[in-house]
Amino acid sequence: MPPMISVSALSKEFVLHTQGGARIPVFHQLDLEVTAGECVCLHGPSGAGKSTLLRSLYANYKPSSGHVRVVHGKDIVELGSAEPWQVIEVRRRTVGYVSQFLRVIPRVPALEVVAEPARLAGVPDAEAEKRARTLLGRLNIPERLWDLAPATFSGGEQQRVNVARGFALDYPILLLDEPTASLDAANRQVVVALIKEAKARGAAIVGIFHDAEVREAVADRLFEVAAYRRDAA
Amino acid sequence: MSALMLSETVGTPVRQPLMRATGVSKSYGETIGCLDVSFTLNPGEVIGIVGESGSGKSTLLNVLSAQLSPDTGTVEYDLRHKGMSDIFRLSEPDRRRLMRTDWGIVHQNPRDGLRMDVSAGGNVGERLMAIGARHYGEIRAEGLDWLAKVELDASRVDDKPKTFSGGMQQRLQIARNLVTRPRLIFMDEPTGGLDVSVQARLLDLLRGLVRELGIAAIVVTHDLAVVRLLADRLMVMRHGRVVEEGLTDQVLDDPHHPYTQLLVSSVLQV
Ligand SMILES: Nc1ncnc2c1ncn2[C@@H]1O[C@H](COP(=O)(O)OP(=O)(O)O)[C@@H](O)[C@H]1O
Ligand SMILES: Nc1ncnc2c1ncn2[C@@H]1O[C@H](COP(=O)(O)OP(=O)(O)O)[C@@H](O)[C@H]1O
Ligand SMILES: [Mg+2]
Ligand SMILES: [Mg+2]
């Protein structure tokens, strides 16, 4: 079985043209493989490049050089050279991403925000909605909020809606950027349980977890992003 | 062994594009409209075209939608029964039929896309009649159905659009264009000139309809929030040229071209 995610010689540098062409090297020649059922925790101080790597795995950031390959159905897709429609297909069926903050869509109620990814992947409406209800319930979002757009929700509520959305479909690959950051202990445990269930069904997971307790509960290994700085030994 | 059997492609390697533009240029005398634009649009794909005022967005859209002839370059479209054909080499009647049956054009100003002295129901119904519908009851029912889809009250079906607000007119224009189930819809600043709250409603509606119907769309706007919500892909125009293109979130979150970086950094958050 090939690794679900295979990163080879990946380098990322930002060039800020609006600021005199300043260069921000983030990581250099980074290699990483993640297999099915494994959870890798990206580690390192703030600014090390953890979110940048995670976004690169989602093709949200473009590599400066190197490759990101993911197993997508029967194929392997190299995200850097794939056509936009291919990346969209990969995101629709294979790679789920829980961003650090929920991007609120005006007027779309929480239940629909959560059900949408499953629906777009072809899950029948009723089933997608049932799954969304279960997840919102497990994450302790009060039922009276389900039909409201999350724009007015608290930070923690928005984050839980975001997590629910990421688990609405059984993605073979899951990318989690601080999914427990603004949650209380009880809700952190729910997220831990969701991650363990995903691992048990064979998902390959890459996450950023600041909470040591969460990290110990879910991570199989830590990956030091800062080890790939250009000037690192 | 199994690793060797995996190929580095996905799905069907060849996709039949819906539209292909190659080297499209259009000037107005000395003034450049758009310059050497090439891209391919797949069925069901939504492309956003952004850039500041005067960058050539409307010129490009007008060429792609056959409202304006290019000076050089070709625009091919996947005609039913005929395959990829240069739209500027079609006979005038064939081109008109294409525009009426396969395409929809939503103008920035509803006045350019609606018949202001015809009732709301008539505005939607006449598009059905133009493609051959004859049964009055069915046309009216379909018209009412579409008014509901764009959240216009059925009680307004016999009112003329000139009695409607700007947002209502724009929603009616969308109904008029989608009722014939086009495969491709062109939109020029669909939310321009509307209040912010009205814009959000229209956007949400468009987002739902485009996804539900699976139609391809080319959307021109100067508003990055609009493309963030609607578009799969983005083309950034400056001085008539496409300076950067790619997946919408990639272009907005990791812009490479100096002009795109300036454009993205000059809005607070999209
Ligand atoms: N879109 C971007 N444009 C420019 N610089 C960025 C962008 N995203 C991240 N960076 C920079 O990359 C570096 C790593 O950031 P990040 O990946 O967010 O670190 P972490 O998640 O480890 O805290 C930082 O210096 C940050 O400013
Ligand atoms: N009918 C016209 N006659 C002369 N110049 C035009 C005409 N339409 C557009 N232009 C010019 O072409 C350039 C591109 O305009 P346009 O395509 O309308 O840009 P945008 O839609 O991005 O604002 C501008 O310099 C504009 O002044
Ligand atoms: Mg981060
Ligand atoms: Mg214009």
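A polar contact, as the term is used on this tour, is a pair of N or O atoms within 3.5 Å; within protein, one must be able to donate a hydrogen and the other to accept it, and residues adjacent in sequence count only if both atoms are side-chain atoms. The model is predicted, and therefore local features need pLDDT of at least 70 and side-chain atom pairs count only at pLDDT 80 or more, while totals for chains, interfaces and linings use all residues. Residues are numbered from 1 along each chain as its sequence is written, chains are lettered from A and ligands numbered from 1 in the order in which they are written, and side-chain values use heavy atoms, with hydrogens and water left out.

**First stop: ligand 1**

The shell holds 14 residues, of which A:G47, A:K50, A:S51, A:T52 and A:Y61 come nearest. Because residues from both chain A and chain B surround ligand 1, the site is shared between chains.

Now display the distances to the oxygen atoms of the ligand. A polar backbone atom of A:G47 is 2.7 Å from an oxygen atom of ligand 1, an N or O atom in the side chain of A:K50 is 2.8 Å from an oxygen atom of ligand 1, and at A:S51 a backbone N or O atom lies 2.9 Å from one. Of the 560 Å² that ligand 1 exposes when taken alone, the protein buries 68%; such accessible areas come from the Shrake-Rupley method with a 1.4 Å probe, and for residues only the protein chains shown count as cover.

Colouring by secondary structure (DSSP runs, with helices being H or I of at least four residues and strands E of at least two, numbered from the N terminus) shows that β1 (5–16), β2 (22–34) and α1 (50–57) of chain A each supply at least two residues of this shell. The most comes from α1(A), with three residues.

**Second stop: the interface of chains A and B**

Next, select the residues of each chain in contact with the other, taking contact as heavy atoms within 4.5 Å: 33 residues of chain A meet 34 residues of chain B in this way. The buried area, meaning the accessible area (1.4 Å probe) that two parts lose on being put together, summed over both, is about 3000 Å² between chain A and chain B, and carbon and sulfur atoms give 52% of it. Within chain A, the residues that lose the most area to chain B are A:K62, A:W85 and A:R107, which together make up 24% of what that side buries.

Between chain A and chain B there are eight salt bridges, each being a side-chain nitrogen of Lys or Arg within 4 Å of a carboxyl oxygen of Asp or Glu. One to centre on joins the side chains of A:K12 and B:D254, at 2.6 Å from N to O. On the side of chain A that touches chain B, two or more residues come from each of β1, β4 (65–72), β5 (75–78), α2 (84–93) and α3 (110–120), and α2(A) has the largest share, six residues.

An oxygen atom of ligand 2 is 2.6 Å from a polar backbone atom of B:G54, while polar side-chain atoms lie 2.8 Å from an oxygen atom of the ligand at B:S58 and 2.5 Å from one at B:T59. The protein covers 57% of the 560 Å² of accessible area that ligand 2 has on its own.

Notes: Near = heavy atom within 4 Å.
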